[in-house]
Amino acid sequence: MTALDTPTDEVTLTIDGVEVTAPKGALIIRVAEKLGIEIPRFCDHPLLAPVGACRQCLVDVEGQRKPITSCTTPIADGMVVRTHLTSEVARKAQQGIMEFLLINHPLDCPVCDKGGECPLQNQAMSTGAAESRFQDVKRTYPKPINLSTQVLLDRERCVQCARCTRFSEEIAGDPFIELMDRTSDEQVNVYREEMFGGEPGPAGSHSDLGSEPLRSYFSGNTIQICPVGALTSAQYRFRSRPFDLVSTPSVCEHCAAGCAQRTDHRRGKVMRRLAGDDPAVNEEWDCDKGRFGFRYVTAFDRITEPMVRDPQTGALRAAAWSEALAVAAEGLRRARDSSGGVGVLTGGRLTVEDAYAYSKFARIALRTNDVDFRARPLSTEEADFLAAAVAGRQGPTYAEVEQASAVVLAGLEPEEECPILFLRMRKAYRKRALAVHALAPFRTTGYEKLGATVLPCAPGSEATLLAGDASLAAALSQPGAVLVVGERLGGAPGGLSAAVALAERTGARLAWVPRRAGERGALEAGCLPHLLPGGRPVTEPRARAELAGAWGLEAGVLDSRPGRDTGAILAAATAGDLGALVVAGVDPADLSDARAAEQALDAVPFLVSLELRNSAVARRADVVLPVAPTVEKAGSFLTWEGRLRPFEAVLATGAMTDARILDALASQLGVQLNTRDVPAVRAELAALPATDSPRHPPPQVAPAPPPVPADGQAVLATWHQLVDLGTLQDGDDELAGTARPSVVRLGKELATRLGVGDGDPVTVGTGTGALTLPVEVVDMVDAVVWLPTNSPGATVRRSLGAAAGALVSVSVSVSVPVSASVFVSVSPGGSR
Amino acid sequence: MSVSQGELSKQTSIEFSEQTRDRAREIIARYPAGRERSALLPLLHLVQAEYGHVSPAGIEFCAELLGLTRAQVAGVASFYTMFKRRPAGDWLVSVCTNTMCGVLGGDRTFETLREHLGVGHDETTPDGTITLEHAECLAACDYAPVLTVNYEFFDRVQAEQAVEIVDQLQEGKRPVPDRGARLCPLPELSLQLAGFADPRPEGIADGPAGEPTLAGARLAQRHGIAVAGFDPETPIKPKEEDSR
């Protein structure tokens, strides 16, 4: 007997002569797997509901007239199962099914992307007969067709297992592909009007994508779970053979979800990325941005050598590392020792190790607390919140969110801003009807797919609702409830204070979900003006003493005065009160006022840029130092949960980490940073003592009265769409083709006042500029207008210089075609 | 995808008559809250009643009313052969060409009609009166070979009678089926299938099982043949409640 004990909800059965005890309700195929018996299958997937579509997993069960599908049949007490290993009936049944499945399959493995890693190929070899009895002409189709710009379908290869359509409906909630037609014509497809007598569009036109686009952020998963070569990736098609690839486990660098991935590369070039299997984090899924967004690394404007600004020509020129480091060190030394000092902006995309190096570099080498990782709208309240309620705390985790009694979302649209968290919440909603509440100006499709109860909330009113809404408090008072706040809540005065108070009052767990992969790590590493590594407040003597001890510093080296945040640093630069700036991965277009940020970068006397590509910062810098992208270095990210996600370099190149460059820079300044290699930084981080200094007190900012729009005005609501103009998506055209269209959303009342309907051009403006986009009328809080933050035609930060909660003017654009009316040019640089 | 309650009042972008919209609401109201998508099959019959086939506009109409994607609606609509994807004639002539009917004359009937009408399977005569199709089993082997006109049976029909039937139809006459209700044109029938009964007294016809249907049972009775151990009073077990 294999199992150890038999509680009442377990049953005992026999599979291939082995007696086994397993939980009641388990499927035969799963129990057999645990015994090491692999039953061939195509449609079966452990994370999808059983369907029994392909019939490949037939087994012989005693007492049954015919072989039955082991992927749909639950085990029963006393059941006697014989698989193909011990039963001629099962073996013959599986062989017959395989023969059927291959009737119309082209057997074009030599030219198929899947060849070499194909379950159909493998199982045809293990289970099928050597020869087919089929004599007729195989059914063929024009190949391939586009299901979207990135998913291609070769219909003749399909075995109608419905994994892709089931994934789209069950997991992603985007049922835009379905099995169409019937019998031998049955095929997966998007909706195309020509199937119902509509006019087909011309070949090669956009209508190749069908009449209803496959609008999903998760469609790449269908390619990965397709058990045959029917679904292929436009990005990867014909680019490599599986057996030529080197596969390296990796961690996605895009968002704070921290997905495990597998990066497949060949001859030093990344060919594709696949979702890794990590039940605690991303299960087996990945979003399309994480899967397809990796070509930015090989963009034309990658910086490959250091550059210094030539005093004679005023232009950047290539320089040796020794020269560039010397010039940078000299400039920083002068600024440090002058009255202005040096500011450090690290951005939200660094690894923990690199962020730690910046934090240490600022404190020891530059002797400043003017360091901030936040390259986005921010507030002092947010900094206090992060120090008090997030830094150094673990969880809640994905599993806790999945098991939560209720989840309240504030300042977060998870499908757009943390897609894997969205999938986990959707799973909980589908499996156990998780109650989701969201504070938002309108019900997005993401909230709809979570079955969320939306509390209508204009930007800026979050604090009032969090403080006073009884339904929220009731939901959060249940044991196991979780309050999830996004980084955008920091833009609502009093919002984070109210969130902390609400969590405390109700006993709910509090999670902070930033958008970028490096934000949580930078917070723990102390890239904030009032926080040292490990959540230590700079103002606490004990905190400074702990760190001085760990770093081997004399007392008094660490400044006890909190530094300036991103906004104050840039303001000081503009005012001429800053000597120099060290900037890592920051795009000015991400800051609430992009133009003001660029003016600050122009004004600062000395600018050092540690950059991957020729960015808006690098172009203005006095010294540019090229750094390694994630794929070329080891490091770690912290997920929004605070879970450490270490990874090793995928590609071995000469590119250096930020930490290593800072180490060299520090030694030019006469300081030992000891961040030369990643293992050393990890060892130092691990050796940091646990702090027993008092925590930073939580913020207690009172809700501000929400802005009152005058006639012709509205309050701006905005967030990033997952697929947009972000620089880490540059060069991935197939991915860009699946972006949601840029629209301006407003409510019925405002639409009526303006006299506009769906599709009409509407102009949203500020003193800085204006944007014109087609309108989509939704159930929106009145006098609120929504724009995507950084999508084609909607570069809010650059064009409007405004963040959520700002007052904007809204007007009807007359007689201007929408496509030509975007008179504020789209920034080619995009943002991070 | 859930259905929000506002969907019904939502103005669809397609022009369907107010009567069709009212009927659509009536159909949807027949199903329990949260299970509105079960109304898809009758709704597809409804749009077929208005346009003679399920057009792209009909797909969109159903999708918007039920909160489904058009792909989901199209998947269902393309599965069932009763939903026509191209404009169909007033009279759908279905000739059974499965084994029993086929060997007893169905195959010859279909070939004859094809030549006579000049159209193939799932095609409509140029005058728009008749759509011809060869059908899978029509569940009337006891009356084989059969054909149906708008799903009403003409029993033991050979090619010559079939030609007579379609000729009458093309002349505007309505031949009387051997069983069931009187003929009505396809749009009207679609409306009935959508769940709006024919108000005519003879619209719905029912009768005792015919002699050919009972022949087997009588034979069994005469010779005392029965299923071993079968109790006609065996209760039908309710299916286990579907899990969410």
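Trainee: What makes R516(A) and E519(A) a salt bridge?

Mentor: Their side chains meet at 3.3 Å, N to O. The term asks for a side-chain nitrogen of Lys or Arg within 4 Å of a carboxyl oxygen of Asp or Glu, so this Arg and Glu qualify. Keep in mind that this is a predicted model: local features need pLDDT of at least 70, side-chain atom pairs count only at pLDDT 80 or more, and totals for chains, interfaces and linings use all residues. Side-chain values use heavy atoms, leaving out hydrogens and water, while residues are numbered from 1 along each chain as its sequence is written, and chains are lettered from A and ligands numbered from 1 in the order in which they are written.

Trainee: Why is R516(A) called buried?

Mentor: R516(A) has a relative accessible area of 3%. Buried means under 20%, exposed over 50%, and partly exposed in between (1.4 Å probe, protein chains only), so R516(A) falls in the buried class. E519(A), at 0%, is buried as well.

Trainee: How do you know that K633(A) and D658(A) form a salt bridge?

Mentor: The closest N and O atoms of K633(A) and D658(A) are 3.8 Å apart, and that is within the cut-off of 4 Å. K633(A) sits in the loop between β27 and β28 (635-638) of chain A and D658(A) in helix α22 (residues 658-668) of chain A, so the pair ties together parts 25 residues apart in sequence. K633(A), at 6% relative accessibility, counts as buried, and D658(A) is buried with 3%. Shared partners also matter: salt bridges join D372(A), R374(A), R376(A), E382(A), E487(A), R516(A), E519(A) and D590(A) into one network.

Trainee: How many salt bridges does the structure hold over all chains?

Mentor: The total is 73. One of them joins R740(A) and E415(A), at 3.0 Å, N to O. R740(A) is in the loop between α24 (733-736) and β31 (744-747) of chain A, while E415(A) is in helix α11 (residues 414-417) of chain A, so parts 325 residues apart in sequence are tied together. (Helices are DSSP runs of H or I with at least four residues, strands are runs of E with at least two, and both are numbered from the N terminus.)

Trainee: R740(A) has 13% relative accessibility; is it buried or exposed?

Mentor: R740(A) counts as buried, since 13% is under 20%. E415(A) is buried too, at 0%.

Trainee: Which way do the side chains of β27(A) point?

Mentor: V623(A) and L625(A) point one way, V624(A) and P626(A) the other, and all are buried.

Trainee: Why is one side of β6(A) and of β10(A) left without a neighbour in the sheet?

Mentor: Take the open sheet β6-β7-β10 (chain A), three strands with antiparallel pairing. β6 (145-146) and β10 (231-233) stand at its edges with a single partner strand each, so one side of each lacks a neighbour.

Trainee: What makes a set of residues a nonpolar core, and how many residues has the largest?

Mentor: A core is a set of buried Ala, Val, Leu, Ile, Met, Phe, Trp, Tyr and Cys residues joined through side-chain atoms within 4.5 Å. The largest has 95 residues, and those with the most contacts inside it include L147(A), V407(A) and W640(A). Helix α12 (residues 419-432) of chain A gives the most to this core, six residues. Apart from it lies another core of 88 residues, with A319(A) and W551(A) among them.

Trainee: Why is L41(B) called partly exposed?

Mentor: Its relative accessible area is 33%, which lies between 20% and 50%. L41(B) is in helix α2 (residues 40-51) of chain B.

Technical notes:
Pairing = 2+ DSSP bridges.
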